[in-house]
Amino acid sequence: QVQLVESGGGLVQAGGSLRLSCAASGSIFTINAMGWYRQAPGKQRELVAGITTGSSQNYADSVKGRFTISRDNAKNTVYLQMNSLKPEDTAVYYCHAAIADWSRRSGNYWGQGTQVTVSS
């Protein structure tokens with residue numbers, strides 16, 4: 001079994017910072033792309049940032065210049081550093097990873113979600 005466990009959400013004032021972490025564990029052979037998504041109330045889940053195995057990154061326009069995604073392959077962990085937070089960043093944030101297990105079966109895995117609330 002493969003699990004993704006997130007941490008680091010919380011309540012912060014506008015202009016503040018938070019760092020999210022997501023650690024993968026279990027029968028992992030290799031982790032390919034990793035990323036962070038978010039879903040605000042009444043809205044669809046959207047991609048916030050993604051990172052490849054070679055650490056190429058892509059970001060939603062709304063977070064460019066404020067958020068930074070990174071990964072530590074030795075720890076099977078992906079991070080999201082969020083700076084200059086705005087009230088519109090309020091959402092549940094989910095990490096995602098494309099993982100092949102020891103049976104070489106590939107699948108898309110999701111974390112349980114962590115709430116980020118930005119007060120004005």
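In the predicted model, four strands form an open sheet in the order β1-β3-β8-β7, with antiparallel pairing. Strands β1 and β7 lie at the edges, each pairing on one side only. From one strand to the next, the twist averages 15°. The antiparallel pairing of β7 with β8 extends over 6 bridges, and Ser 70 stands opposite Tyr 79 of β8.

The largest nonpolar core comprises 31 residues, and those with the most contacts inside it are Trp 36, Leu 80, Met 82 and Tyr 93. At least two core residues come from each of β1, β3, β4, β5, β7, β8, β9 and β11; β9 gives the most, with 5 residues. Beyond four places away in sequence, Met 82 touches Gly 16, Ser 17, Leu 18, Leu 20, Arg 66, Phe 67, Tyr 93 and Val 116.

The whole structure contains 5 salt bridges. One of these joins the side chains of Glu 46 and Arg 38, at an N to O distance of 2.7 Å. Glu 46 is partly exposed, with a relative accessible area of 35%, whereas Arg 38 is buried, at 7%. Arg 38 also forms a salt bridge with Asp 89, the closest N and O atoms being 3.0 Å apart. This pair links strand β4, which holds Arg 38, to the loop between β8 and β9, which holds Asp 89, across 51 residues. Through shared partners, salt bridges join Arg 38, Glu 46, Arg 66 and Asp 89 into one network.

Notes:
Residues are numbered from 1 along each chain as its sequence is written. This is a predicted model: local features need pLDDT of at least 70, side-chain atom pairs count only at pLDDT 80 or more; totals for chains, interfaces and linings use all residues. Side-chain values use heavy atoms; hydrogens and water are left out. A nonpolar core is a set of buried Ala, Val, Leu, Ile, Met, Phe, Trp, Tyr and Cys residues joined through side-chain atoms within 4.5 Å. Buried means under 20% relative accessible area, exposed over 50%, partly exposed in between (1.4 Å probe, protein chains only). Contact means heavy atoms within 4.5 Å. Two strands pair if DSSP finds at least two bridges between them. Axes are lines fitted to C-alpha atoms, for helices over the stretch in contact, and angles run from 0 to 180 degrees between N-to-C directions. A salt bridge is a side-chain nitrogen of Lys or Arg within 4 Å of a carboxyl oxygen of Asp or Glu.
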